[in-house]
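Visitor: I would like to go through the labels on this model one by one. Please give the cut-off each time.

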Amino acid sequence: SHRKFIEKQSLPFTLIADTETILNQSAGVWAEKKLYGRSYMGTLRVTFLIDENGIIEKIIEKVDTKNHANQILGKL
């Protein structure tokens, strides 16, 4: 499914699948969530801006999905 998505969107980068939640847990984004009164474990919507040296420059914890590009570019 990742390959099809990458091809369809012509993405110039590699996507990863964290099926064991190792990366999610180490980044602190694997947490209990609630939907319609039901609790479950899932990935929090958080954006990490990482520079070319692998240093986290900024963490956006309150992602505004409609204006996320502007959040990333610092225009909000």
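Guide: Contact means heavy atoms within 4.5 Å. By that rule Val 29 touches Asn 24, Gly 42, Thr 43, Leu 44, Val 46 and Phe 48, leaving out residues up to four places away in sequence. This is a predicted model: local features need pLDDT of at least 70, side-chain atom pairs count only at pLDDT 80 or more, and totals for chains, interfaces and linings use all residues. Residues are numbered from 1 along each chain as its sequence is written, and side-chain values use heavy atoms, without hydrogens and water.

Visitor: Why is Val 29 called buried?

Guide: Buried means under 20% relative accessible area, exposed over 50%, partly exposed in between (1.4 Å probe, protein chains only). Val 29 has 6%, so it is buried. Val 29 sits in the loop between H2 and strand S1 (30-35). Helices (H or I, at least four residues) and strands (E, at least two) are DSSP runs, numbered from the N terminus.

Visitor: What makes Ile 56 partly exposed?

Guide: Its relative accessibility is 45%, so Ile 56 falls in the middle class. Ile 56 belongs to strand S4 (residues 56-60).

Visitor: Why is Thr 21 counted as buried?

Guide: Thr 21 has 12% relative accessibility, and therefore counts as buried. Thr 21 is in the loop between helix H1 (2-9) and helix H2 (22-27).

Visitor: How do you know that H1 lies largely in the open?

Guide: H1 has 8 residues and the number buried is 0, so H1 lies largely in the open. After H1 comes Ser 10, with a positive phi near 55 degrees.
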